[in-house]
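Here is a short briefing on one protein model. Look it over first, then read the points below.

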Amino acid sequence: MGGLLGRAALPGLLSGPRAAGPNLLARPSSGGSSWTRERTLVAVKPDGVQRRLVGDVIQRFERRGFKLVGMKMLQAPETVLAEHYHDLRRKPFYPALISYMTSGPVVAMVWEGPNVVCSSRAMIGHTNSAEAAPGTIRGDFSVHISRNIVHASDSVEGAQREIQLWFQSSELVDWAEEGHQSSTYPA
């Protein structure tokens with residue numbers, strides 16, 4: 001499994017989700033600005049992985065200027081899904097949701113950037129594919145509300161909880177682009 005990610009990434013891709021430490025959501029930026037970097041969880045669901053849309057999702061976030069700081073592919077354990085979808089456990093569709101989410105691999109990612117939680121939600125579009133606007137991930141790729149390609153955290157607090165659920169702090173990389181100062185990140 002060399003290729004795109006290389007052998008160094010293999011242990012992180014194969015490891016399952018674990019409890020994580022603090023400081024996964026935001027860290028103060030270097031320099032004079034008081035701006036903090038926000039982080040969010042984005043997960044390509046089994047239908048997105050099976051339809052080979054992972055690259056399309058990554059491309060959209062990279063083109064938007066967000067920075068990928070964590071990524072792994074895994075078969076999501078029911079215990080993690082039960083915690084992740086805790087608020088939906090009394091809904092009639094909950095058993096089908098868990099069954100679907102365990103039906104194939106998931107690609108979980110952590111993206112970083114200014115206002116990334118709100119921007120991510122706008123980029124992925126409405127949960128119901130029939131109401132998702134063209135140009136959004138779901139509007140372009142989703143075929144049904146139960147097969148809507150991707151998950152993104154719905155709030156800053158939710159993002160922090162979800163990142164800690166799916167990633168250990170050691171699985172997240174804090175990196176800067178060498179010799180390049182992006183307009184997305186203030187100096």
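How many nonpolar, polar and charged residues does the lining of the largest pocket have? The lining has nine nonpolar, seven polar and eight charged residues. The model is a predicted one.

**The largest pocket**
- Its volume is about 660 Å³.
- The lining of this pocket is made up of 24 residues. Closest to the pocket centre are K45, Y85, L88, L97 and T127.
- Three elements each supply at least two lining residues: helix 5 (94–101), strand 5 (150–152) and helix 8.

**D47, a buried charge**
- D47 sits in helix 2, which covers residues 46–50.
- This residue is buried, yet D47 has no salt bridge.
- A salt bridge would need a side-chain nitrogen of Lys or Arg within 4 Å of a carboxyl oxygen of Asp or Glu.
- Beyond the neighbours within four places in sequence, D47 is in contact with Y100, R147, N148 and I149.

**I149, a contact of D47**
- I149 is among the residues that D47 contacts.
- I149 belongs to the loop between helix 7 (137–141) and strand 5.
- Its phi is positive, about 75°, although I149 is not a glycine.
- Is I149 buried or exposed? I149 counts as buried because its relative accessibility is 0%, and the cut-off for buried is under 20%.

**N115, another positive phi**
- N115 is a residue other than glycine, and its phi is positive, near 55°.
- N115 is found in the loop that links strand 4 (106–113) and helix 6 (116–124).
- Why does N115 count as partly exposed? Its relative accessible area is 45%, and partly exposed covers the range between under 20% for buried and over 50% for exposed.

**V156 and V116**
- V156 lies in helix 8, which spans residues 156–166.
- V156 has a relative accessible area of 29%, so V156 is partly exposed.
- V156 and V116 are 40 residues apart along the chain. Their C-alpha atoms are separated by 9.0 Å.

Methods: Residues numbered from 1 in each chain as written. Predicted model: local features only at pLDDT ≥ 70, side-chain atom pairs only at ≥ 80, totals over all residues. Heavy atoms only, no water. Helix = DSSP H or I, 4+ residues; strand = E, 2+ residues; numbered from the N terminus. Buried < 20%, exposed > 50% of the residue type's maximum accessible area, 1.4 Å probe, protein only. Lys, Arg positive; Asp, Glu negative; His and termini not counted. Contact = heavy atoms within 4.5 Å. 1 Å grid on protein atoms, 1.4 Å probe; cavity = no way out; pocket = protein on both sides within 12 Å on 5 of 7 lines; lining within 4 Å. Points joined across faces, edges and corners; volume = space filled by probe spheres on them. Nonpolar A, V, L, I, M, F, W, Y, C, P; charged D, E, K, R; others polar.
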